[in-house]
Structure formats: structure tokens, C-alpha cells
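Dear colleague,

Please find below the structure that I am handing over to you.

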Amino acid sequence: MKILQEKLKNDPLANGSAAEILVDDTDIKIITGDWKKETTRGYEPTLLLNNSKQPSGVRFEPEIKKKGRYQVYFYYPRIQNEADALYIKVYNGRKQTSEIIQSRDIK
């Protein structure tokens, strides 16, 4: 049983391909601004809300065990007084890519 658990830990899809990397508000590396944890209105048990008008940010640094190409997705719950835009930066180890996503464009 221990051998099987170790194999699934290193190869969770059991086919040698890279598994999805899931990151949520419990995986924050750096946080700036006045954020608070909310226990309703989210996809999972908690989400972070920032009610200030000051620039704020959250930085995630997931452990990537296998080199490769990954697509980035995020879940954005629709709430009252949401930000007009999200500023998202993705760093792949060599290059940083930045995107501004307007809240009105999120479906």
C-alpha cells in the first residue's frame, strides 16, 4: 500500500503526465493590503476580500514538480462592490506576463 501511495503522490494521474496545480487562498506566499477571509460566497470554504481602495495584492508560488506548459485559470466569484479590474501577473521562471482583466468581461 505504501508503494502505491508513493506512486500516486509522484504520478497522480497514473499516466506520467503533469497533474493540475491547484492553488487557493490557503496557499498565499505574500499578501499586501487589508484583506479579510470570508466564509461564504466562494467556491471553497474560504475566499479573500479586500474592501479598501488602496492597491493590494496576493502572491502565490505553487510548487511545480514537472516542467511543461500549463494553462492558468482562476475562479472569480461575483459579489457586490467588486473591483473594476484584476491585475494578474504570471512568472514562468524566466519571463513575467501581465494581464488586466475587466470585471465586466468575466463570464
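Please note that the model is a predicted one. With a relative accessible area of 36%, F60 counts as partly exposed, because that category covers values between 20% and 50%. F60 also contributes to a nonpolar surface patch of about 390 Å², together with I21, V23, I64 and Y70.

As to the overall architecture, the protein contains one helix and six strands. Their order along the sequence is α-β-β-β-β-β-β. The radius of gyration is 17 Å, well over the 13 Å that the globule rule gives for 107 residues, so the protein is more spread out than a compact globule. The C-alpha trace spans about 50 × 35 × 25 Å along its principal axes.

Of the 107 residues, 11% are buried. The accessible surface amounts to about 9800 Å², and carbon and sulfur atoms account for 52% of that surface. Where contacts link residues at least 6 apart in sequence, 36% of them join residues at least 24 apart.

Strands β5 (residues 85–91) and β6 (residues 96–102) run antiparallel and are joined by seven bridges. Within this pair, Y87 has I100 of β6 as its bridge partner. The hairpin of β5 and β6 has four residues between the strands, and G93 in this hairpin adopts a positive phi near 100 degrees.

Yours sincerely

Technical notes: Residues are numbered from 1 along each chain as its sequence is written. This is a predicted model: local features need pLDDT of at least 70, side-chain atom pairs count only at pLDDT 80 or more; totals for chains, interfaces and linings use all residues. Side-chain values use heavy atoms; hydrogens and water are left out. Two strands pair if DSSP finds at least two bridges between them. Helices (H or I, at least four residues) and strands (E, at least two) are DSSP runs, numbered from the N terminus. Patches are made of residues with over 30% relative accessible area and no salt bridge: like charges are joined within 9 Å, nonpolar side chains (Val, Leu, Ile, Met, Phe, Trp, Tyr) within 5 Å. Accessible areas come from the Shrake-Rupley method with a 1.4 Å probe; for residues, only the protein chains shown count as cover. A salt bridge is a side-chain nitrogen of Lys or Arg within 4 Å of a carboxyl oxygen of Asp or Glu. Buried means under 20% relative accessible area, exposed over 50%, partly exposed in between (1.4 Å probe, protein chains only). The radius of gyration is taken over C-alpha atoms; the globule rule is 2.2 Å times the number of residues to the power 0.38. Contact means heavy atoms within 4.5 Å.
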